[in-house]
Amino acid sequence: MPRTCRDGVGLAYEVDPATPGDGARDDDTDRAPVVFVPDVELGRWAWRWQRDAVRGQRRLLAPALRGTGPRLRTDGGVAIDDGARRSDAGFPPLVPSLPGPLRRRIVSREDSATVASLADDLAAVIADDSAFGRGRSQDVHLVGQGLGGAIAIEYAIERGGVRSLTLVGTRHGGPGTPETPDAVRSQALDPDGSGRTRRRNRLRPFFAADFLARNPHLFARIVDWQADQGPDAATREAQWAAWDRYDPTDRLDDISVPALVIHGTADRLVPVEHGHALAEAIPESTIELMDGSGHAVAVEAADRVAARLATFVDSVE
């Protein structure tokens, strides 16, 4: 995986070329690249179906949030693969091993975890020479889910260079939108069990109950993928803290690009009212509801989401 760094923290990402198999770059096409920004906790697997659907049609960039992906260390500002599995999330060395309550107080501090800092990480990845070519500056289509949607909103408002926004299962954040139910939040943050059972229970709130009942084998594979690609406890808690604090309500009308809002009607983490509120607040937006799908709508309704995304992105070109 290519990698860059910001503030001494290694940032890994994947790039799919515009034409499969021949190493073509976006220098060969005028079509803007698509950047898939991941959700809180979830690994790169969460976008695999949408990436497969548009792969080869345009250049794709899939960054890993800090603290996830292959582990990197930095030396003099240069990211170096040290052979371990996860990247350093930028915490002091002892923080990840602290007892849970003390660790959570440290990683949840406002100066430690913010959506704005994660948007700065995204900017560093997009600007990296290996992403789109040395010295190139290119507008992108941003696609984000959950926390990734918040990062995409922040990037679009503060930095520009965005051709379109696709916001999947993304919070509006303003008054009148429901909070995540306490029981659902508790299961995602502190599930019962240990080992694989705990990992399974942590992921369950991301999916609709009907989907889990119909797809036990796929869910078992997802648990394995998440074990390989997901964050450690400190990084997970920092991501949730950043997402919880983010409220773009007063700035949503500053978004000046077309936006597609996709939301599952059975989303338990981010109730569907948030999708309706986003679509009303963003000036040039449309909403696509996926009936019966949970928060991981890009998995549960993979083909529909991929088709709608491809049609929307093509319509903006």
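Predicted model: local features only at pLDDT ≥ 70, side-chain atom pairs only at ≥ 80, totals over all residues.
Colleague: How do you know what confidence the predictor has in the chain?

Modeller: From pLDDT, the predictor's confidence in each residue, from 0 to 100. The chain has a mean of 86, and 88% of its residues reach 70 or more. Over residues 21-28 the pLDDT is below 50, and this stretch has 19 contacts (heavy atoms within 4.5 Å) beyond near neighbours in sequence. Residues 72-87 also have pLDDT below 50, with 51 contacts beyond near neighbours in sequence.

Colleague: What makes up the secondary structure of the chain?

Modeller: There are 13 helices and ten strands. Both are DSSP runs numbered from the N terminus: helices are H or I with at least four residues, strands are E with at least two.

Colleague: Why is glycine 149 called buried?

Modeller: Buried means under 20% relative accessible area, exposed over 50%, and partly exposed in between, with a 1.4 Å probe and protein chains only. Glycine 149 has 0% relative accessibility, so it counts as buried. This glycine is in helix H5, residues 147-158. Leaving aside residues up to four places away in sequence, glycine 149 touches Gly144, Leu167 and Thr170. Its C-alpha atom is 9.9 Å from that of tryptophan 243, which is 94 residues away along the chain.

Colleague: Aspartate 7: buried or exposed, and why?

Modeller: The relative accessible area of aspartate 7 is 66%, so this residue is exposed. Aspartate 7 is placed in the loop between strand S1 (3-6) and strand S2 (9-16).

Colleague: What makes the phi of aspartate 7 worth a remark?

Modeller: Its phi is near 55°, a positive value in a residue other than glycine. Most residues other than glycine have a negative phi. Glutamate 41 is also not a glycine, and has a positive phi of about 75°. Glutamate 41 lies in the loop between strand S3 (34-37) and helix H1 (48-54). With 1% relative accessibility, glutamate 41 therefore counts as buried.

Colleague: Why is glutamine 226 called buried, and what does its side chain reach?

Modeller: Its relative accessibility is 10%, so glutamine 226 counts as buried. The residue lies in helix H9, residues 216-229. Its side chain reaches the backbone nitrogen of glycine 43 at 3.1 Å. Glutamine 226 touches Glu41, Leu42, Gly43, Trp45, Leu203 and Pro231, not counting residues up to four places away in sequence.

Colleague: What makes a set of residues a nonpolar core, and which residues have the most contacts inside the largest?

Modeller: A nonpolar core is a set of buried Ala, Val, Leu, Ile, Met, Phe, Trp, Tyr and Cys residues joined through side-chain atoms within 4.5 Å. The largest has 68 residues, and those with the most contacts inside it are Val35, Leu142, Ile151, Leu165 and Phe207. Another core, of 19 residues, lies apart from it, and includes Ile262, Met290, Phe312 and Val313.

Colleague: How many of the residues count as buried over the whole chain?

Modeller: Of the 317 residues, 54% count as buried.

Terms used:
Residues numbered from 1 in each chain as written. Heavy atoms only, no water. Polar contact = N/O pair within 3.5 Å; in protein donor to acceptor, adjacent residues only side chain to side chain.
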